[in-house]
Amino acid sequence: MSRLNSIDDLTKLRRQLKGETFIPDKNRVRICCGTACVASGSKKLVKELEAESAGKGIELEVVKTGCQGLCQKGPVMSVEPHGFFYQKVKPDDAKNLIAHTFSAGTSLRSLLYRDSIMTSPVEEVQNVPFYKKQLRIALRNNGRIDPNNIHHYLAVGGYTAAEKMFGSMTSDSVLHEIDRANLRGRGGAGFPAGKKWAHTNKSPEKTRFVIANGDEGDPGAFMDRAIMEGDPHSLLEGMLVCAYALKAHYGFIYVRHEYPLAVKNLKLAIKQAEELGLLGENILGTGFDFIVDIREGAGAFVCGESTALVASIEGERGFPRPRPPRLSEVGGGLWGYPSNLNNIETYACMPPIIEKGADWFLGIGTTTSPGTKVFAVTGKVKNTGLVEVPMGTTLREIIYDIGGGILDDKEFKAIQTGGPSGGCLPAAQLDLPVDFDSLYRVGSMMGSGGMVVLDEETCMVDVAKYFLSFTQSESCGKCPPCRVGTYQMLQILERITTGHGEHGDIQRLIDLGKLIQKGSLCGLGQSAPNPVLSTIKYFRHEYEEHIYDNYCRSNVCSNTGVFLIHQPDCIRCGLCKKACAFDAVKETKDIYTIDRQYCTKCKACYAVCPVGAVKIKKQSVVKLEEQFRIPTDKLEVLERRAKMTLKDVLSSKPMKVFTCKKDCKLADAVTLMDGNNIGSLLVVDDKENLLGIFTERDIMHCFAKKVAMNDELMGNVMTANPITLDSSVDIAVAVQLMSDKKIRHLPVTEDEKIAGMINYRDLVSYLLPEVIYMAEDM
Ligand SMILES: Cc1cc2nc3c(=O)[nH]c(=O)nc-3n(C[C@H](O)[C@H](O)[C@H](O)COP(=O)(O)O)c2cc1C
Ligand code: SF4
Ligand code: SF4
Ligand code: FES
């Protein structure tokens with residue numbers, strides 16, 4: 001590879017490569033050799049295809065590409081000149097593939113993509129639904145080129161931005177263009193790259209560093225790995241653009257050591273770029289130097305945080321440092337020099353912006369978040385993988401049009417965005433156009449672009465516990481709110497998910513979460529409570545069911561619910577009896593029943609029953625059944641009724657809520673209750689926050705204690721911090737709670753504000769028609 005000594009040399013080489021690389025109408029396969037496809041055998045497939053085509057005397061170009069996105073269906077490949085897309089190709093398929101496609105010119109049906117066995121296969125890659133709605137900027141070369149061949153990158157337009165920049169732009173005009181494009185950082189916070197650069201550029205210190213963050217610690221995210229493995233030169237060219245703008249001469253790529261292929265491909269790419277004179281000293285004869293090196297991290301999540309990352313490169317322990325000084329300031333960056341840190345995807349977007357201009361970029365995406373974003377879509381969705389779409393694409397389009405919908409056609413329950421620091425959004429948010437700001441507004445975040453799709457069988461409390469346990473174990477321990485607070489939150493979640501939740505636990509989680517957000521030094525602690533707070537915001541009823549009804553609607557949490565056998569479904573196989581280690585399944589007169597006294601709720605019977613006859617019921621519903629003596633098979637109807645929410649009760653019988661302040665005289669409060677014929681009064685502060693409740697029973701206590709009616713204030717006689725339930729909670733839970741706690745009046749909240757009052761009589765009368773109907777039926 002001879003060195004390019006001028007911009008002209010580069011132009012000529014590209015022109016030459018364009019003519020001789022990827023010649024149209026040639027037999028060619030572009031096989032994915034990304035980590036996931038290699039794991040499913042793509043290397044062996046390459047060998048088989050090469051051997052088979054040579055044996056048949058067919059000239060075949062095999063391009064070993066990086067990740068093509070649809071990892072779940074790997075190994076995947078595109079075939080030219082036909083345009084076919086093949087998936088799940090095994091080495092054994094090589095013979096048939098060569099015979100059908102390259103000898104006969106027809107597609108091999110068994111390897112084509114199809115949504116399900118009911119739908120026809122799709123031949124061409126551009127018609128595969130997974131790719132149809134995608135627009136690729138950061139991933140523009142993934143799946144097209146061999147990352148180990150710099151000529152491929154040049155042939156598809158690589159280093160055109162460098163050519164333009166060195167040929168016709170000043171450092172300031174490069175900075176201005178990136179700033180004008182409003183390219184927001186793809187690593188998490190969405191801070192505009194141009195603004196960050198301008199800050200570094202202001203520094204009086206002229207030694208500056210350019211750093212690329214390839215730590216990618218979010219579980220499930222792998223877009224940065226895909227770029228580093230599949231198109232390393234787009235990262236190097238992006239870093240070169242940044243270095244030129246900041247007049248920086250040294251760069252580091254920080255990669256986690258669990259990404260060996262990324263490290264290997266990056267090392268080779270740096271070597272090739274240096275040999276060609278596109279990196280290193282005197283780039284393209286312009287006199288500009290930029291030397292890039294790689295630093296491998298040990299895989300701690302916190303090392304992705306900017307200051308911890310800097311400490312790690314310096315050889316220190318990856319502990320976050322207080323800011324200011326910021327990385328961009330003297331004293332804040334690498335070895336105290338001002339440094340610019342951007343994410344891998346952010347850098348990969350820079351060359352096309354310089355090449356095509358900021359206006360082109362601004363024309364894609366939304367007003368405040370231009371461009372595209374790569375998402376790692378995982379979880380209960382049919383097509384998992386990497387998806388790059390314009391900002392503003394809705395969650396529904398990503399999950400259903402691209403992702404193919406929910407696995408096994410189950411119900412969608414939620415989507416977790418932003419990795420362990422993000423939040424969970426419910427079905428009501430499916431039409432949300434996704435960008436940095438919209439996600440933040442609804443209580444989640446973009447993060448690095450992780451998207452975990454959750455179906456009806458997911459317990460949202462368990463999900464929150466899962467994400468919190470990740471951040472808790474990854475906390476570096478430097479500051480107590482993060483170290484101790486996340487542990488305490490986890491303890492509370494642990495007891496809720498094992499059926500030992502207590503009244504007040506939800507508020508404790510909220511209070512601790514807010515405290516941790518405020519008191520933590522770095523983004524790890526500041527965002528760790530997000531999954532818990534967002535699930536409380538959107539799925540509070542699930543928390544309340546666990547706590548007040550000892551029930552997990554998704555049957556995920558152990559030690560919850562009441563186990564019983566639904567006799568009409570039971571085929572009397574006896575498997576449950578054999579499975580129960582506690583002898584809780586009893587057999588009498590050929591009927592199997594579960595003795596609750598011995599049942600430990602271990603779920604062994606539930607797991608073995610071949611026909612789903614073992615049911616896990618709500619404690620409250622079973623209690624209603626026993627109170628009204630309704631047989632189990634009739635219970636379904638009552639359960640449906642009891643599944644109505646408190647919101648339904650409130651809207652069927654709207655009632656004014658009467659409130660007073662803490663300094664209201666007891667006599668005035670009683671007069672108010674008497675005048676309006678109400679049994680309870682809520683005590684609130686100036687912002688209408690609930691402080692306490694005062695009921696008829698409290699009046700009796702005051703009489704008994706001979707309290708001075710005209711002098712005593714409500715603040716002294718009310719019941720402080722009363723039990724409340726969210727309006728999304730089922731009636732059954734409220735009945736259970738009110739009978740357990742022996743309360744008759746229940747304030748109902750929505751978004752933590754008072755939404756109404758419900759009394760026990762209202763609930764029973766709401767259920768009564770159904771009960772009477774069933775009693776008549778019996
Ligand atoms: C705990 C924690 C982990 C992080 N991990 C990463 C990471 O793996 N990759 C990344 O690019 N940014 C990560 N970030 C964000 C970085 O601190 C930083 O904001 C980002 O790399 C800046 O690049 P950008 O502006 O291009 O997004 C993390 C932040 C925190 C608080
Ligand atoms: S917030 Fe957590 S991870 Fe960050 S410095 Fe403090 S203890 Fe360490
Ligand atoms: S395993 Fe299921 S079907 Fe078999 S006896 Fe038990 S409840 Fe009935
Ligand atoms: S690794 Fe092959 S498609 Fe992702």
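Which residues gather in a patch of positive charge on the surface? In this predicted model, the patch is formed by Lys43, Lys47, Lys64 and Lys264. Select these four residues to begin the tour. Lys43 is placed in helix H3, which covers residues 42-55. Its relative accessibility is 47%, so Lys43 counts as partly exposed.

The tour now turns to salt bridges, of which the count is 42. Select Lys26, Arg28, Arg30, Glu61 and Glu80, which are linked in a network of salt bridges.

Next, select Lys380 and Asp455, a salt-bridged pair whose closest N and O atoms are 3.9 Å apart. Lys380 lies in the loop between strand S9 (372-379) and strand S10 (385-390), and Asp455 lies in strand S13 (residues 450-455), so the pair ties together parts that are 75 residues apart in sequence. Lys380 is partly exposed at 33% relative accessibility, whereas Asp455 is buried at 2%.

Proceed to helix H22 (residues 530-549) and select Arg540 and Glu544. These residues form a salt bridge, with the closest N and O atoms 3.2 Å apart. They are four residues apart in the helix and therefore separated by about one helical turn. Both partners are buried: Glu544 has a relative accessible area of 1%, and Arg540 has one of 11%.

Finally, select Glu545 and Lys618, whose side chains meet in a salt bridge with an N to O distance of 3.2 Å. Glu545 belongs to helix H22 and Lys618 to the loop between strand S17 (614-617) and helix H25 (619-628), so this contact ties together parts that are 73 residues apart in sequence. Lys618 is buried at 3% relative accessibility, and Glu545 is buried with a relative accessible area of 1%.

How values were computed: Residues numbered from 1 in each chain as written. Chains lettered and ligands numbered in written order. Predicted model: local features only at pLDDT ≥ 70, side-chain atom pairs only at ≥ 80, totals over all residues. Heavy atoms only, no water. Patch = residues over 30% accessible without salt bridge, like charges linked within 9 Å, V, L, I, M, F, W, Y side chains within 5 Å. Areas by Shrake-Rupley, 256 points an atom, 1.4 Å probe, with all protein chains shown as cover. Lys, Arg positive; Asp, Glu negative; His and termini not counted. Charge placed at Lys NZ, Arg CZ, Asp CG, Glu CD. Helix = DSSP H or I, 4+ residues; strand = E, 2+ residues; numbered from the N terminus. Buried < 20%, exposed > 50% of the residue type's maximum accessible area, 1.4 Å probe, protein only.
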